[in-house]
Amino acid sequence: MSAQSQTIERTITLPYRHLAQAQIVTEARRFNVLNCGRRFGKDVLGIDLLVNTALEGHPTAWLSPTYKNMTDVWRALVDILQPITQRRSEQEHRLELTNRTAVELWSLEQPDTIRGKAYKRVIINEAATAQNLQSSWEMVLRPTLADYKGDAWFLSTPKGFNHFKTLYDRGQDEDQLEWASWTFPTSANPYIDPDEIE
């Protein structure tokens with residue numbers, strides 16, 4: 001009796017990108033900086049970008065200023081990726097998928113714990129509030145992209161003149177061919193009632 005292979009189909013559901021999110025993805029370069037209002041949909045877009053890269057079989061990472069900042073994103077990723085999750089570690093904030101890749105979440109409170117990792121895509125959320133963003137990026141995160149020639153996304157609402165602003169300005173400089181940056185208000189999100197913004 002011959003063994004038969006069995007195909008199991010699983011569905012991953014992601015939200016549709018609104019027009020501003022779609023524009024960002026279309027215009028993206030290797031290093032991308034989103035300076036957007038609250039409720040614009042930065043987290044939703046970041047999750048979408050992370051999941052799509054993981055579905056292609058590449059290791060990815062989500063980074064937040066603190067562990068508390070990443071709680072909601074962790075829950076969302078656990079829920080979205082549940083159909084194809086082979087192993088989940090709550091302690092390590094790590095999802096191992098059936099395509100043999102991993103999605104990892106990290107706090108930037110101790111960036112040195114990330115050294116030695118290799119990723120195709122990293123998402124740095126609330127980047128303007130991250131302590132020591134410059135050294136975390138230059139000394140720890142940027143090297144994690146070398147193996148896969150990966151990309152990075154810095155997502156945040158603005159918070160004064162800091163390294164996030166420096167990275168944003170780099171994305172506005174036409175001579176910086178690997179960088180892009182955008183500013184969008186909350187009102188660019190069509191799912192937010194304009195009366196609430198007012």
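Student: Which residues of α2 are buried?
Tutor: Helices here are DSSP runs (H or I, at least four residues), strands are DSSP runs too (E, at least two), and both are numbered from the N terminus. Buried means under 20% relative accessible area, exposed over 50%, and partly exposed in between (1.4 Å probe, protein chains only). By that cut-off the buried residues of α2 are K42, L45, G46, I47, D48, L49, L50, V51, T53 and A54.

Student: Why is α2 described as largely enclosed by the rest of the structure?
Tutor: This is a predicted model, in which local features need pLDDT of at least 70, side-chain atom pairs count only at pLDDT 80 or more, and totals for chains, interfaces and linings use all residues. Residues are numbered from 1 along each chain as its sequence is written, and side-chain values use heavy atoms, with hydrogens and water left out. α2 is largely enclosed because the buried residues number 10 of the 14.

Student: How far does α2 reach from its first C-alpha to its last?
Tutor: Helix α2 covers residues 42-55, which is 14 residues. The expected span is 1.5 Å times one less than the number of residues. For α2 the expected value is 20 Å, and the helix comes close to it, with a reach of 20 Å.

Student: Is R100 buried or exposed?
Tutor: R100 sits in the loop between β4 (94-97) and β5 (102-107). Its phi is near 70 degrees, a positive value in a residue other than glycine. With a relative accessibility of 81%, R100 counts as exposed.

Student: What is the relative accessible area of N132?
Tutor: N132 belongs to the loop between β6 (121-125) and α4 (133-144). Although N132 is not a glycine, it has a positive phi of about 55 degrees. N132 is exposed, and its relative accessible area is 55%.

Student: How far apart in space are A28 and A127?
Tutor: A28 is in the loop between α1 (19-27) and β1 (31-36). A28 is partly exposed, at a relative accessible area of 27%. In sequence, A28 and A127 are 99 residues apart; in space, C-alpha to C-alpha, the separation is 18 Å.

Student: Where is E198?
Tutor: E198 is exposed, with 83% relative accessible area. As for its place, E198 is in the segment after α6 (194-197).
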